[in-house]
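Hi,

Here is the structure I promised to pass on. Have a look at it first, then read my notes below.

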Amino acid sequence: MSLLLLHGFLGSPTDWAALTARFPDSCAPQIPAVTDWDDAVRWVEGERALASPQVLVGYSMGGRLALAAALRPPGVQGLVLISASPGLDDAQERAARRELDDARAAEIRAGGLPAFVESWYAAAFWDTLRSHAVWPEVRGRRMLADAVTCAGHVA
């Protein structure tokens, strides 16, 4: 089975190493920083054309991209969404989220990625992850991410 694996914000293709090892025909590309949602979805469609995946798998931001791409023809045979939603319906909520994302991008650019990663993962939401044995590895991978790309994912 061929999978197109789309990582989340601050993530990378290495987040999918266990699945790409198990499904060697799968593809886990680095999601580029794009400033327009339609451009991001077109990028996923291009990856689908290259990899010919049967199933799109996405985590968080990658899940939103997978969902948007799966809704466009041609369809996919399967879709796996992990911690993903279709986004915000309310225009005011979307505007507020854009402002927050712009502030996050500015924080990454101004303070650097390591400071942002520490701040991001300090939230109570991540308590369980921080207490898990995989946390040092995950934290290390996040510190290696490209700051410009990550800032582009939220801006």
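Let's start with a word you'll need: a residue is buried when its relative accessible area is under 20%, exposed when that is over 50%, and partly exposed in between (1.4 Å probe, protein chains only). Helices (H or I, at least four residues) and strands (E, at least two) are DSSP runs, numbered from the N terminus.

With that in hand, look at helix α3, residues 61-70: nine of its 10 residues are buried, so by the definition above the helix is mostly covered. Those buried residues are M61, G62, G63, L65, A66, L67, A68, A69 and A70.

Some background on where this comes from. The model is predicted, so local features need pLDDT of at least 70 and side-chain atom pairs count only at pLDDT 80 or more, while totals for chains, interfaces and linings use all residues. Residues are numbered from 1 along each chain as its sequence is written, and side-chain values use heavy atoms, with hydrogens and water left out.

Now the whole chain. It has eight helices and three strands, in the order β-α-α-β-α-β-α-α-α-α-α from the N terminus on. Of its 155 residues, 36% count as buried.

What about overall size? The radius of gyration (over C-alpha atoms) is 16 Å. That agrees with a compact globule of 155 residues, which would come near 15 Å because the rule is 2.2 Å times the number of residues to the power 0.38. The C-alpha atoms fill a box of roughly 40 × 40 × 25 Å along the principal axes.

Cheers
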